[in-house]
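I opened the notebook for this model today and jotted down what I looked up. Here are my entries, in the order I made them.

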Amino acid sequence: MTQTETPPTPAPVKAPSRLSRAWHSDLAWSFRRAPVAMISAFVVIVLVLSAVLAPLIAPHDPFNPATLNLMNGFTPPGEANAFTGDFFFLGTDDQGRDVFSTILYGMRISLFVGFAAVMLAMVLGVILGLLAGYLGGWTETIIMRVADVQLTFPAILVAMLIFGIAKGITPPEYRDQMAIWVLILAIGLSDWVQFARVVRGATLVEKSREYVQAAKLIGRSPLSIMLRHILPNVLNPVLVIATISLALAIIAEATLSFLGVGAPPTKPSLGTLIRIGQEFMFSGEWWILFFPAVTLLALALSINLLGDWLRDALNPKLR
Amino acid sequence: MLAYTIRRIAQSIFVLFVVGLVAFSMFRFVGDPVDNMLGQERTQEDVERLREQLGLDQPFIVQYFRFLEQAAQGNFGLSYRQGRPVAEILLERAPATLELAFVSGMMALAGGIALGIFTAIRRRGFGANVVMTLSLIGVSLPTFLIGILLIYLFSVELGWLPSFGRGEVVEVGGWTTGFLTASGLKALILPSITLGLYQMTLIMRLVRTEMLEVLRMDYIRFARARGLREKSINFRHALKNTLVPVITITGLQLGSIIAFAIITETVFQWPGVGLLFINAIQFVDIPVMAAYLMLISVMFVGINLIVDMLYFAIDPRLRADRTSGGH
């Protein structure tokens, strides 16, 4: 894996002074007063760090068959294996892979897909929302109509459909390699509508403000007005939606992988691990299922709580 | 009212056309249909003949309308995987999904409204707080994990309920039902809880918010001042006014129950349409995918339309706004 992880809060690329000021005053202040947010942030940071540093932390490399010993299969957590005497913190699966290591690597894939999908949705949604809001007319009609049609269907269904179509297009021998990218595309494309709607709404408000009129008067091009003047002012809600979308995207990825239409067993995400673990639930090897499930839950729940806090903190009306 | 109805129906038809275009493009461009239908041993002549037969030599737009015409008659071609007409397979699977959706929908509605009222009336009570906290966790739990958790508890540990399948089914005039046997009913319990739980929390939170809002209104205070009994205020005066948005959301949720049935059906190996769709994706069975897409979009669009009209009919304020402020 050569991907680089993005930091936990997807900070906007061109951070305007308004946002950075907010970061130093209001936001930080309300963060210090919200224990739930602090705990969630802590959990998220620990999980993200351990996923990024997986190759350093993981006691075993679960994808290197040379390090696996079939004799170690089904070692319960916290006990030494009866045959080899090897010790595994969270036990091993049927092939003797260390569950703790597979979780770390699985989380890497889950987080990567989640971040990348939200980034895709955000960039697409913000651009289309800005265009629709600022240009109006036909551009707006077409973009918002497409959004309406897509909104008729649940995002997970749209993602499944995109995954299915992409799978049909890619030749069979590349399907496993492409699965991760197809997942990002599927989840990202299923999620842009929210961003577009919010950005369009905010753009419509900002468009009539004096500073935009002034920028028009001095001959700024529409592109530069949209990117340099309007965009920074509509970023707050985008940030909130992005955080909540991240939790949803991670869950969506896990769901798709669990259903067998996501990350393949050769590159398992948390969802794939849960799918594999489910088979052993009936025979009593609960840990193969339990630990990935708990990790997924902790990740999704803490990002969700963080998003909730962020929404309240950035929305002065709710205070 | 009439103008609104017509506009709304036109919108729905537009959505269906777009979805039809997507479904058709899947047929046409994902893999070559001729390739999929002819085996390894074929001559160029066979290919040409089939191409003509299928109408693939016609312009795109002609093909598209032909496809729509066929689809409207319920003809989606043969499944690549099973070699049988897609419509037949779908019809065979539909009862399982519809029964599951019906039971979980009812459960979500009844449980959601009851818990919503409870948490609104006893807002500061201990029980209400417990319910609210649980609902927060319920919303964050992915559906498939709830299913696994229930299977672990009630099938693996306690051994009370089956972990997969529909149990024994009885066939009544082409409709297979699980309602008539003990094992069929038992098999319904866990999947419908899994499917309905999320919707139940949604309805509960909605009823609670609406109810709290209504309870703050003047007419409720007035009813209290008149000395009406608490029960009568809560259920006869307040509840009635909270139900309008509940109907809308519940109606809209009906569609997502069918969509989320995909996940539940996979967890419980429930032989419904959703499981069929997932298998179709895994094996790139395009006709089944396209047919499912068309079917579910007709359902979604239909539900949206009905709910909108219903909303319009129930809430007179909306009507007044539209007619006076419209033009």
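Axes are lines fitted to C-alpha atoms, for helices over the stretch in contact, and angles run from 0 to 180 degrees between N-to-C directions.

I noted that this is a predicted model, where local features need pLDDT of at least 70, side-chain atom pairs count only at pLDDT 80 or more, and totals for chains, interfaces and linings use all residues. Residues are numbered from 1 along each chain as its sequence is written, while chains are lettered from A and ligands numbered from 1 in the order in which they are written.

**Helix pair.** I looked up α4 (residues 99-135) and α5 (residues 137-151) of chain A: their axes come within 7 Å and cross at roughly 140°. α4(A) and α5(A) are therefore oblique to each other. Helices here are DSSP runs (H or I, at least four residues), numbered from the N terminus. On the α4(A) side I found A:Leu128, A:Leu131, A:Ala132 and A:Leu135, which meet residues of α5(A) including A:Ile143 and A:Met144; contact means C-beta atoms, placed from the backbone, within 7 Å.

**Chain interface.** I then checked chain A against chain B: 28 residues of chain A are in contact with 27 of chain B. α6(A) gives the most to chain A's side, with nine residues.

**Confidence.** I read off ipTM 0.77 and pTM 0.80 for the model.

Methods. Two residues are in contact if their C-beta atoms, placed from the backbone, lie within 7 Å. Helices (H or I, at least four residues) and strands (E, at least two) are DSSP runs, numbered from the N terminus. Angles under 35 degrees count as roughly parallel, over 145 as roughly antiparallel, 65 to 115 as roughly perpendicular and the rest as oblique.
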